[in-house]
Amino acid sequence: MPPRRALLDDDEDFPMAAGGGPAAHDNRHDAAAAAGPIALDFGAPPETLFQQLVRHWLDERHAPDILPVQAEVLGALLDHIRRQTDTVQALRGDPDSSEAEHARIMLVQTEVERVKFVVRSYIRTRLYKGRYIEKFARYIAASPEAQERLSQTELDHAKRRVFAQLTENHFRVSVLQALPPHQQGLDDNTPFTPPMISEPDKSRAVFVHARDECPPVRLPDGTTMQMQKGQIVLTPYAVVEQLLAMGHVELI
């Protein structure tokens, strides 16, 4: 079994320990002493992996389109959960563990369950967006940019297009075969008519919170808007889509 101190140290970068306990302060003090003089930075502290996943989870829930899958963040958190679980199991089986260590074990277990809840919620949201993959399968197949936002499993599901193929066959049998040949396609792009290929409704309004000062964006009426840090606005999703992709804003 690894030394008890080494096992406990693995949770110092866990989300709950952002403020840190005595061990965290000792480790940080030692690291600071070894590193020498430090340049002071009064900006916002960097996000932990857990905070990143919470933000992406909420963005995914509120966005009318499918956002880029956060495979790296999710994988890193799952690995961390596995390490923390192994650590807890090792310490619980150690008869020499002190009461203070048992208290830390309980805190780590509570935090692991909190992280698991967010991980499961994020995955459920992506699964729910699977209905969008079926509904917009033709749009995804024709859009390389949309394909880049999907995981390989989601992309394979979209390419199979089972639901889209059934819908297309239904349209062809019930309506399209009775039309002239030049009107039987589903990819027509006739001016002033709705597109035959369904796309996500990016005109839907969303609440947006500016994480920092944002570059100006153009509103549907032709005017421009520039969000300041901390500002919250209600605007069509298409207006802030690029700001969301760049991390300047978050959906709430």
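User: Before we start, which pLDDT values do local features and side-chain atom pairs need?

Analyst: Residues are numbered from 1 along each chain as its sequence is written, and side-chain values use heavy atoms, with hydrogens and water left out. As this is a predicted model, totals for chains, interfaces and linings use all residues, while local features need pLDDT of at least 70 and side-chain atom pairs count only at pLDDT 80 or more.

User: Thanks! How are α3 and α5 oriented to each other?

Analyst: Helices here are DSSP runs (H or I, at least four residues), numbered from the N terminus. Axes are lines fitted to C-alpha atoms over the stretch in contact, with angles from 0 to 180 degrees between N-to-C directions. The axes of α3 (residues 49–62) and α5 (residues 99–128) come within 10 Å and cross at roughly 30 degrees. Angles under 35 degrees count as roughly parallel, over 145 as roughly antiparallel, 65 to 115 as roughly perpendicular and the rest as oblique, so α3 and α5 are roughly parallel.

User: And how many nonpolar, polar and charged residues are in the contact of α3 with α5?

Analyst: Contact means heavy atoms within 4.5 Å, and the residues that meet include Phe-50, Trp-57 and Arg-61 in α3 and Arg-114, Phe-117 and Tyr-122 in α5. Ala, Val, Leu, Ile, Met, Phe, Trp, Tyr, Cys and Pro count as nonpolar, Asp, Glu, Lys and Arg as charged, and the others, Gly among them, as polar. By class, the contact of α3 with α5 has nine nonpolar, three polar and four charged residues.

User: What is the orientation of α4 and α5 to each other?

Analyst: Helix α4 spans residues 71–92, and its axis comes within 10 Å of that of α5, crossing at roughly 150 degrees. Residues in this contact include Leu-74, Ile-81 and Val-88 of α4 and Ile-105, Val-112 and Val-119 of α5. By class, 13 are nonpolar, three polar and two charged. From the crossing angle, α4 and α5 are therefore roughly antiparallel.

User: Now the largest pocket: which helix gives the most to its lining?

Analyst: The largest pocket holds about 330 Å³ of space. Of its 19 lining residues, the closest to its centre are Leu-67, Pro-68, Glu-241, Leu-244 and Ala-245. Both α3 and α11 (237–246) supply at least two lining residues. With six residues, the most is given by α11.

Notes:
On a 1 Å grid over the protein atoms alone, a cavity is a set of points where a 1.4 Å probe fits but cannot get out, and a pocket is an open set with protein on both sides within 12 Å along at least five of seven lines; lining residues have an atom within 4 Å of a point. Grid points are joined across faces, edges and corners, and a volume is the space filled by probe spheres set on the points.
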